[in-house]
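User: I would like to go through this model with you, contact by contact. Please keep the answers plain.

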Amino acid sequence: MAFHSRYNIFCFFILFSLLGIASAQLSSDFYGATCPKALSTIKSAVQSAVAKEHRMGASLLRLHFHDCFVNARSFFTPYSFICFTLSFMHISPCMNMHGCDASVLLDDTSSFTGEKSAGANVNSLRGFDVIDDIKSQLETACPGIVSCADILVVAARDSVVALGGPSWTVGLGRRDSTTASKDAATKDIPSPLMDLSDLISAFSNKGFTTQEMVVLSGAHTTGQAKCQFFRGRIYNETNIDSNFATSLKSNCPSIDGDSNLSPLDVTTNVYFDNAYFKNLVNKKGLLHSDQQLFSGGSTDSQVTTYSTSPSTFYADFASAMVKMGNLSPLTGNSGQIRTNCRKVN
């Protein structure tokens with residue numbers, strides 16, 4: 001009995017020691033000495049891209065999400081704990097591909113089929129050229145220093161700010177993966193057709209609470225979706241404002257127009273605000289998965305809170321985005337710093 005007690009205390013101590021090490025490996029001033037203009041370069045490029053096309057802000061935010069959610073694991077699972085522990089011995093089987101690792105940017109090669117061709121990404125993800133431009137500028141200023149993974153995380157934050165949303169401090173020091181997986185992206189990225197229970201499970205598997213799932217869904221306050229992903233909702237579902245559904249049908253006919261776009265937020269699509277949640281309360285969520293957050297379930301009260309308090313939404317969103325950016329990153333000697341974000345060195 002005493003042995004088990006001492007063993008549990010030892011494991012607890014090791015766990016939190018490793019958590020401290022992981023946290024310390026990401027720092028907001030990571031490039032302060034090696035590439036002091038890194039953050040200003042990214043910010044300037046993002047501001048320019050969003051000014052040119054407001055939708056690009058949503059695209060860069062989505063690119064970050066689709067990068068981090070693939071192969072990310074909650075730390076508090078046996079698999080992740082083993083991987084994390086062994087990584088310090090450089091013998092981990094999961095050292096080359098983690099959550100926020102820029103794997104989403106890799107083109108296919110003869111050795112792997114990447115994430116760009118996954119169903120949730122193909123002919124859908126955008127912003128690759130903006131990331132390429134930022135990377136090119138940084139390689140000129142400080143070659144081999146700034147990772148593509150860090151560029152994605154900072155660009156997402158700066159996109160939200162450029163659209164009028166909140167800011168947050170980004171920890172830096174991630175490294176880039178050396179492989180990618182279409183199958184992992186297909187499995188990990190939540191579907192717009194999911195019910196509430198499936199959404200809760202999908203986010204819980206990555207270590208997020210139900211509240212964090214709801215607030216991160218608020219990213220749909222900007223951006224657009226293809227007809228094929230909301231056709232079933234506007235023609236078949238009943239928990240939808242009838243006038244809203246009718247207004248969408250001309251651009252999304254029942255048997256054609258799969259790629260036709262409609263705004264995720266029907267009211268203030270080019271701004272990052274809390275209108276998304278107001279829309280849900282009024283049964284004007286575009287996607288099935290959106291309206292599931294306010295449909296008589298356990299998350300109704302959270303949606304109501306965010307619909308009436310933009311400051312609460314902003315604060316919670318910023319916190320959840322910090323957590324998103326810290327999903328099992330490659331650090332230290334794991335991975336690499338790609339010279340070209342689209343291919344391994």
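User: Leaving aside its neighbours within four places in sequence, which residues is Phe317 in contact with?

Analyst: Phe317 is in contact with Val160, Pro166, Trp168, Val215, Leu216, Ala219 and Phe272, where contact means heavy atoms within 4.5 Å. Please note that this is a predicted model, in which local features need pLDDT of at least 70 and side-chain atom pairs count only at pLDDT 80 or more, while totals for chains, interfaces and linings use all residues. Residues are numbered from 1 along each chain as its sequence is written, and side-chain values use heavy atoms, with hydrogens and water left out.

User: How many residues does the largest nonpolar core have, and which have the most contacts inside it?

Analyst: The largest nonpolar core has 63 residues, and those with the most contacts inside it are Leu105, Ile131, Leu216, Leu293 and Phe317. Such a core is a set of buried Ala, Val, Leu, Ile, Met, Phe, Trp, Tyr and Cys residues joined through side-chain atoms within 4.5 Å. Buried means under 20% relative accessible area, exposed over 50%, and partly exposed in between, with a 1.4 Å probe and protein chains only.

User: Which helix gives the most to this core?

Analyst: Helix α6, residues 148–162, gives the most, with 9 residues. Helices (H or I, at least four residues) and strands (E, at least two) are DSSP runs, numbered from the N terminus. Another core, of 12 residues, lies apart from the largest one; among its members are Ala225, Phe230, Ala245 and Leu248.

User: Now to His64. Is it buried or exposed?

Analyst: His64 counts as buried because its relative accessibility is 2%. This residue is found in helix α3 (residues 55–68). Leaving aside neighbours within four places in sequence, His64 is in contact with Cys100, Leu152, Val153, Ala156, Met321, Met324 and Gly325.

User: And Ser44, where is its place?

Analyst: Ser44 is in helix α2, residues 38–52. With a relative accessible area of 45%, Ser44 is partly exposed.

User: Changing topic: how many disulfides does a search of the whole structure find?

Analyst: The search finds 4 disulfides, each being a pair of cysteine sulfur atoms within 2.5 Å. One of them joins Cys35 to Cys142, with an S to S distance of 1.8 Å. Cys35 lies in the loop between α1 (2–25) and α2, and Cys142 in the loop between α5 (128–141) and α6, so that distant parts of the chain, 107 residues apart, are linked.

User: What about Cys148 and Cys341, how far apart are their sulfur atoms?

Analyst: The sulfur atoms of Cys148 and Cys341 are 2.1 Å apart, and the two form a disulfide. Cys148 sits in helix α6 and Cys341 in the segment after α15, 193 residues apart. The link is left-handed, with -100 degrees about the S-S bond. Cys148 counts as buried at 0% relative accessibility, and Cys341 does at 1%.

User: Which hand does the link of Cys227 and Cys252 have?

Analyst: The link of Cys227 and Cys252 is right-handed, with 75 degrees about the S-S bond.

User: On to helix packing. At what angle do the axes of α8 and α9 cross?

Analyst: The axes of α8 (residues 196–204) and α9 cross at roughly 100 degrees and come within 9 Å. Axes are lines fitted to C-alpha atoms, for helices over the stretch in contact, and angles run from 0 to 180 degrees between N-to-C directions. The two helices α8 and α9 are therefore roughly perpendicular; angles under 35 degrees count as roughly parallel, over 145 as roughly antiparallel, 65 to 115 as roughly perpendicular and the rest as oblique.

User: Which residues meet there?

Analyst: Leu196, Leu199, Ile200 and Phe203 in α8 meet Thr210, Met213 and Leu216 in α9.

User: Finally, which residues of α14 are buried?

Analyst: In helix α14 (residues 300–308), the buried residues are Asp300, Val303, Tyr306 and Ser307. Seen down the axis of α14, these fall within an arc of 130 degrees, so they line one face of the helix; the arc is that of the directions from the helix axis to the C-beta atoms. Ser301 and Thr308, on the other side of α14, are exposed. The buried residues of α14 pack against α9 (210–217), α12 (275–281) and α15 (310–325).
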